[in-house]
Amino acid sequence: MVKLTLWLGFFLRLFNAFVNGLYGSTYGSSDDATGFHLTAVEHSQNLAFDEFVIGHIYSYILGIFYFITTDSLFLGSAFSALGWLVSAFILLRIMRILSFDRSNQWRVMLIYALIPSSLAYSSVTLREPFQLLFVNLALYAALKIYFHRSIAHWPFLLLAAVGMGALHGALLATGIFMIAGTLLLLTTRNKKGVSFIKVVLVTPIVILCLFYGFLLFTSISYSSVTEDGLSLAVQTYQEGTMAADQRAGYRTDIEINGLGELIISIPSFLFQYLFEPMPWKIGSIVDIVALLENMLRFWLIWNVLKYLVGSYHNKTMFVAHNYFVHKRFILFMFLSYLLIETLWSLGTSNWGTAMRHHVPSLGLLLVVGFAYRNVISTKYNRSHKS
């Protein structure tokens, strides 16, 4: 049933790609999607790689795909659907490592396959399905390193971080955080607690990784940071996005005076990014879809918080699920999710763009959101069997 749902999601995306490529634009096929396609067509006619520009790598790769096949919009959209399919198989492996039961695997895959925003944006010529793929790959590699002590998966984690960063500068910071977080997790891999020797060895590496990673991220994503400061860079970027979709805009003006005010403003940015539109702002069917997806997102986040702060007294469940070990990793995944969404929120001012930006972190959110449901359902099944 789980794989059947997975393949259903893939074929629905192929169908949407078929309609988008051969009969007319579908929802999600925005100016960006058209721009990536046209740029890729140009690259397919001349494969010379002039310079590395972050965010343009997708067009180069799509151009190579067009060179091998043909510059068909349908094939380009189908290529995105194929990227989503690979991400779905990785998500399935993640759930199996975390011992999700079959019913919860199916529920996660059902949402992953059929949620409208993902269905729309992962079947046109956009970067989102490949961003999703690399985020899932990073999570899978970190899981293998942490739970299975697999050194062989470090190259996959590094590859995923590079892929995330190449597709968008905002994801570069998340990739660096996931590498640093995995290193820290290795110091707490058993139930006994933190290994002091490992902390001493790992901490300098983590600090260097975060420090140079932050410099790289700001130089790529906010090139004006070194001259004008991060707060002004964020303000300038948001002012540029406010004109993108005035109808769906949740912010009409912005003024950030200094780093302190930026930090204070982040919770507001994040809340609006995650949960707009509010019910009284609904003005179209798309807004209703956005509201329903936001309600689902709230429920999943609420489940994560219950999992992280909950107190479970069933010692059998502790042994069966390695509860404390899992809890550390769930916290790591949730922090990774919050980092992705926080970074997106700094440059987003309308819920139309926000729906698109929610796609890359969808796998992360579903895994952490259903971790609590999995514990509850397993506890229920055990009590009834006994």
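**Notes on the fold**

Guide: Phenylalanine 67 is found in helix H3, which covers residues 57-68. Bear in mind that this is a predicted model.

Visitor: Switching to helix packing. At what angle do the axes of H7 and H9 cross?

Guide: Roughly 10°, and the axes come within 10 Å. H7 is residues 128-147 and H9 is residues 169-185. Because angles under 35 degrees count as roughly parallel, H7 is roughly parallel to H9.

Visitor: And which residues make the contact?

Guide: From H7, Gln131, Ala138, Leu139, Ala142, Ile145 and Tyr146. H9 supplies Leu171, Met178, Thr182 and Leu185.

Visitor: How does that contact split into nonpolar, polar and charged?

Guide: Eight residues are nonpolar, two are polar and none is charged.

Visitor: OK, salt bridges. How many in the whole structure?

Guide: A search finds three. One of them pairs arginine 356 with aspartate 32, with the closest N and O atoms 2.8 Å apart.

Visitor: Where do those two sit in the chain?

Guide: Arginine 356 is in helix H17 (residues 351-357) and aspartate 32 is in helix H2 (residues 31-45). They are 324 residues apart, so the pair links distant parts of the chain.

Visitor: What about the backbone: is the bond from glutamate 276 to proline 277 cis or trans?

Guide: That peptide bond is cis, with omega near 10°. Proline 277 lies in the loop between helix H13 (258-275) and helix H14 (285-309).

Visitor: And serine 99, is its phi positive or negative?

Guide: Positive, at about 60°, although serine 99 is not a glycine. Serine 99 is in the loop between helix H4 (73-97) and helix H5 (102-114).

Visitor: Why flag backbone features like these?

Guide: Because most residues other than glycine have a negative phi, and most peptide bonds are trans.

Definitions and conventions: Residues numbered from 1 in each chain as written. Predicted model: local features only at pLDDT ≥ 70, side-chain atom pairs only at ≥ 80, totals over all residues. Heavy atoms only, no water. Helix = DSSP H or I, 4+ residues; strand = E, 2+ residues; numbered from the N terminus. Axes fitted to C-alpha atoms, helices over the stretch in contact; angles between N-to-C directions. Parallel < 35°, antiparallel > 145°, perpendicular 65-115°, else oblique. Contact = heavy atoms within 4.5 Å. Nonpolar A, V, L, I, M, F, W, Y, C, P; charged D, E, K, R; others polar. Salt bridge = Lys/Arg side-chain N within 4 Å of Asp/Glu carboxyl O.
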